[in-house]
Amino acid sequence: MRYTGPKVRLSRRAGVPLTRKAVKYFEARPYPPGEHGRKTNRRNVGDYGMRLLEKQKLRWYYDVSERQLRRYWDLAVRRPGRSGEELLAILETRLASIVVRSGLAPSIYAARQYVNHGHITVDGRKVDIPSYLVKPGQVIGVRAKSRQTQPFVAAAEGIYADERPAGFLSVDLTELTVTLLQKPVREQIAIPVDEQLVVEHYSR
């Protein structure tokens, strides 16, 4: 199941801020949630606990269920190349991931909602599946009747955009379009996760 509780709580459990909103909250309370959070020593976690935490961080960062992540792992190990990097590339090319990475949405949760509600198109056709895997060359956009709504007006002004756009995307926020140029490589994916520990978790 996907986590549907307070999002900042996940960042405190993970030990790193997973969203922009979580940054200021995490700085104020950089310890795990709960009654004994202040007394928890993350350094005492064993090898299995470390690998499990990295896998959970990956799940939370992309807002996917355990079943989805396992399916992506099975797909990654069948691809040529390093399994951990292939897993990240798959997660980055999910439609919801590209919507947030391009600056069309403020968070992965908002991106999922925009896709579910039918605001997003792929090559001009509405796609309402957040897990849709985008292929290089495909163009993601916003439906014409959705462009004047407040979230997309803000997106067109660059409010949600990162300072450095992802190198595997071509983004035109004034037109609210983004093109996947190529499969992402590890150097282009800035996430606070050690994918090798995730590989070890699934390979044990």
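1. Start with Asp-63, which sits in the loop between helix 3 and helix 4. Asp-63 is buried, because its relative accessible area is 5% and the cut-off for buried is under 20%. Its phi is worth a look too: the value is near 55 degrees, which is positive although the residue is not glycine. As background, most residues other than glycine have a negative phi. Keep in mind while reading that this is a predicted model.

2. Asp-123 belongs to the loop between strand 1 and strand 2. Is Asp-123 buried or partly exposed? With a relative accessibility of 47%, Asp-123 counts as partly exposed.

3. Now for the overall picture. The chain has 9 helices and 5 strands. Going along the sequence, the order is α-α-α-α-α-α-α-β-β-β-α-β-β-α. The chain has 204 residues, and 46% of them count as buried. As for contacts with a separation of 6 or more, 57% are between residues 24 or more positions apart.

4. Helix 4 covers residues 66-77, and its length checks out. At 1.5 Å a residue, its 12 residues should span 16 Å, and the C-alpha atoms at its ends are 17 Å apart, so the two agree. Which residues of helix 4 are buried? They are Gln-68, Leu-69, Tyr-72, Trp-73 and Ala-76. These residues take up an arc of only 140 degrees around the axis, so they lie on the same side of helix 4.

5. If you want to find the contact in the model, look on helix 5 for Ser-83, Gly-84, Glu-85, Leu-87 and Leu-88, and on helix 9 for Glu-195, Val-198 and Val-199.

6. Of its 9 residues, 7 are buried, so helix 7 is largely enclosed by the rest of the structure. The buried ones are Ile-108, Tyr-109, Ala-110, Ala-111, Arg-112, Tyr-114 and Val-115. Just after helix 7 comes Gly-118, with a positive phi of about 80 degrees.

7. Ala-105 lies in the loop between helix 6 (95-101) and helix 7 (108-116). Ala-105 counts as buried, because its relative accessibility is 0%. What does Ala-105 touch, leaving out residues up to four places away in sequence? The list is Val-99, Val-100, Ala-110, Ala-111, Tyr-114 and Tyr-160. Another pair to look at is Ala-105 and Pro-151: they are 46 residues apart in sequence, yet their C-alpha atoms are 7.5 Å apart in space.

8. The 5 strands form an open sheet with antiparallel pairing, in the order 2-1-3-5-4. Which strands are at the edges? Strand 2 (125-126) and strand 4 (169-172) are, since each pairs on one side only.

9. The pairings can be followed strand by strand. Strand 1 (residues 120-122) and strand 3 (residues 139-142) run antiparallel and are joined by 3 bridges. Within this pairing, Ile-120 has Val-142 of strand 3 as its bridge partner. Strand 3 also pairs with strand 5 (residues 177-180), again in the antiparallel sense, over 3 bridges.

Definitions and conventions
Residues numbered from 1 in each chain as written. Predicted model: local features only at pLDDT ≥ 70, side-chain atom pairs only at ≥ 80, totals over all residues. Heavy atoms only, no water. Pairing = 2+ DSSP bridges. Helix = DSSP H or I, 4+ residues; strand = E, 2+ residues; numbered from the N terminus. Buried < 20%, exposed > 50% of the residue type's maximum accessible area, 1.4 Å probe, protein only. Contact = heavy atoms within 4.5 Å. Expected span 1.5 Å × (residues − 1). Arc of directions from axis to C-beta.
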